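Here are some notes for reading the structure below. Each point takes up one place in the chain or one feature of the whole.

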Amino acid sequence: MASGADRSVAPPEQAQALFGAALPRMERYAEVLAAAGVERGLIGPREVPRLWERHLMNCAVVEELIPEGATVVDIGSGAGLPGVVLALVRPDLSVTLLEPLLRRTVFLRECIDLLELDNVEVRRARAEEVRSQVRADIVTARAVAPLTRLAGWALPLLGKGGSLLALKGEQAEAELEEARGDLSAQRPCVADVIRVGRGKVEPATTVVRVTVTSEGDHSHASRSRRSAGGGRRKRGRKR
Ligand SMILES: C[S@@+](CC[C@H](N)C(=O)[O-])C[C@H]1O[C@@H](n2cnc3c(N)ncnc32)[C@H](O)[C@@H]1O
């Protein structure tokens, strides 16, 4: 990937502890975001000085909520946040970056090649188009849609026990309370607001977690379904 002008985005001290062995590749990703990401309009130039604290580190701490070996779909990945960051810090995950815009998927594929990420696939589609094809243990999303609409896209992709992790701002509690009735009407679920990364990022990252509590009816999805990571199937299950 041509990274354009040389923009150095030095990581803050806390990044070493947070990223460990993943830090060199995270630095490369930061450079690409600051150069090609800005030039192609995927990241605002004003975000560059706060790339680490507000974007990379803020997204990375969400990994605390993701079980070992999970399949993850990141809805509306944009320039790869949080999906690319999670894939870098958690090589055990299988991550699908779901993004409808061509130039963004081109950028994401270039990032994956450059960073040599073998646990990521990019899928060009809108979330509402893949409900019969994609399943995941975890769905992530940041800055994509209000909670009710997001849940409408995410919950059909999840099995019982699967969670939507929506990265939200300070109004998360209010947004959840307003959406609670709509969420339960869509699918039996429990929802809470969690702050992750205390002591690692300041402020801590606010996540609305919506966990599905029943298998529900996925009969429309059964035949053509495949897992986000490429093939996890549950056999013999009646729906
Ligand atoms: C504001 S950007 C956020 C990008 C990234 N998640 C971040 O935090 O920087 C919203 C992204 O959601 C994508 N998007 C919008 N509607 C979508 C849909 N129905 N399904 C999947 N992605 C969608 C857009 O193309 C865009 O890349």
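1. Glu116 counts as exposed because 8 C-beta neighbours lie inside 10 Å, and the cut-off for exposed is 12 or fewer. Keep in mind that this is a predicted model. Glu116 is placed in the loop between H5 and S3. Its phi is positive, about 55 degrees, although Glu116 is not a glycine.

2. Ala143 is another residue to look at for its backbone. Ala143 has a positive phi of about 60 degrees and is not a glycine. The loop between S4 and H6 holds Ala143. With 11 C-beta neighbours inside 10 Å, Ala143 counts as exposed.

3. Helix H5, which Glu116 follows directly, covers residues 102-115 and so has 14 residues. From first C-alpha to last, H5 reaches 20 Å, close to the 20 Å expected at 1.5 Å a residue. Which residues of H5 are buried? They are Arg104, Phe107, Leu108, Cys111, Ile112 and Leu115.

4. Two peptide bonds deserve a check. The bond joining Leu81 and Pro82 is cis, with omega about 5 degrees, and Pro82 sits in the loop between S1 and H4. A cis peptide bond also joins Glu202 and Pro203, where omega is about 0 degrees. Pro203 belongs to the loop between strand S6 (189-196) and strand S7 (205-212).

5. Leu81 lies in the loop between strand S1 (71-75) and helix H4 (83-89). Is Leu81 buried or exposed? Leu81 counts as buried because it has 24 C-beta neighbours inside 10 Å, and 20 or more is the cut-off. Apart from neighbours within four places in sequence, Leu81 is in contact with His55, Cys59 and Arg142.

6. The ligand is surrounded by 17 residues, of which the closest are Gly76, Gly78, Arg126, Ala127 and Arg142. By class, this shell has 9 nonpolar, 3 polar and 5 charged residues. An unreviewed UniProt entry places the feature "binding site" at Gly76, Leu81, Ala127, Glu128 and Arg142.

7. Ala127 is found in the loop between strand S3 (120-123) and strand S4 (134-142). With 24 C-beta neighbours inside 10 Å, Ala127 counts as buried. Not counting residues up to four places away in sequence, Ala127 touches Ile75, Leu98 and Trp153.

8. Ala151 is part of helix H6 (residues 147-154). Ala151 counts as buried because 28 C-beta neighbours lie inside 10 Å. Which residues does Ala151 contact, leaving aside its neighbours within four places in sequence? They are Leu164, Leu183, Gln186 and Val210. Ala151 and Arg131 are 20 residues apart in sequence, and their C-alpha atoms are 12 Å apart in space.

9. Last, the chain as a whole. The protein chain has 7 helices and 8 strands. Of its 239 residues, 44% are buried. Among contacts between residues at least 6 apart in sequence, 68% join residues at least 24 apart.

Note on methods. Residues numbered from 1 in each chain as written. Predicted model: local features only at pLDDT ≥ 70, side-chain atom pairs only at ≥ 80, totals over all residues. Helix = DSSP H or I, 4+ residues; strand = E, 2+ residues; numbered from the N terminus. Contact = placed C-beta atoms within 7 Å. Near = placed C-beta within 6 Å. Nonpolar A, V, L, I, M, F, W, Y, C, P; charged D, E, K, R; others polar. UniProt positions renumbered as here; feature names shortened; annotations may be inferred. Expected span 1.5 Å × (residues − 1).
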